[in-house]
Amino acid sequence: QLQASGGGLVQVGGSMRLSCAANGRTFSGAIVGWFRQAPEKEREFVAGITWNGRRTGYAGSVKGRFTISRDNAKNTYLQMNSLKPEDTAVYYCAARDGSVMHTSSDEYFYWGQGTLVTVSS
């Protein structure tokens, strides 16, 4: 029900924008989050946004470099600037009903298929 896109190869210091589209339903009233998983690492929270876009949250490692936004109940974006090699991972968008912005992936019920972001040095 969620489809992430926009990944690819980018150089250190570059920018990339990921998109997350909801198919088949809208996610009004839901929290949408971006997670990432690097090889041999746990999946980690990157950013989250409330259904109305009024509240956002970020992992400390990306704060000030990444921006999450929504333009309606179907599309969510992750603008990534000043990319570093350690940002290399498969990025997933996920959604959960309700108003609590959990950072644990276990709290998100709806998931996209993931898109690979590779930052080369």
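Q: What does the accessible surface of the chain come to, and how much of it belongs to carbon and sulfur atoms?
A: Accessible areas come from the Shrake-Rupley method with a 1.4 Å probe, and for residues only the protein chains shown count as cover. Here the chain has about 6100 Å² of accessible surface, with 46% belonging to carbon and sulfur atoms. Before we go on: this is a predicted model, where local features need pLDDT of at least 70, side-chain atom pairs count only at pLDDT 80 or more, and totals for chains, interfaces and linings use all residues. Residues are numbered from 1 along each chain as its sequence is written, and side-chain values use heavy atoms, with hydrogens and water left out.

Q: How many helices and strands does the chain have?
A: Both are DSSP runs numbered from the N terminus: helices are H or I with at least four residues, strands E with at least two. This chain has zero helices and 11 strands. Its radius of gyration is 13 Å, close to the 14 Å that the globule rule gives for 121 residues, so the chain is as compact as a globular protein of that length. That radius is taken over C-alpha atoms, and the rule is 2.2 Å times the number of residues to the power 0.38.

Q: What share of the residues counts as buried?
A: Buried means under 20% relative accessible area, exposed over 50%, and partly exposed in between, with a 1.4 Å probe and protein chains only. Of the 121 residues, 42% count as buried.

Q: Where is Ala47, and is it buried or exposed?
A: Look in strand β5, residues 44–49, to find Ala47. Ala47 is buried, its relative accessible area being 0%.

Q: Which residues is Ala47 in contact with, leaving aside its neighbours within four places in sequence?
A: Contact means heavy atoms within 4.5 Å. By that test, Ala47 is in contact with Val32, Gly33, Trp34, Gly57, Tyr58, Ile68 and Leu78.

Q: Which residues form a disulfide?
A: A disulfide is a covalent bond between the sulfur atoms of two cysteines. The working criterion is a pair of cysteine sulfur atoms within 2.5 Å. Cys20 and Cys93 form one, with their sulfur atoms 2.2 Å apart. The pair links distant parts of the chain, 73 residues apart: Cys20 sits in strand β3 (residues 16–22) and Cys93 in strand β9 (residues 89–97).

Q: Why is the disulfide of Cys20 and Cys93 right-handed?
A: The torsion about their S-S bond is about 75 degrees, so the disulfide is right-handed. Cys20 counts as buried at 3% relative accessibility, and Cys93 counts as buried at 0%.
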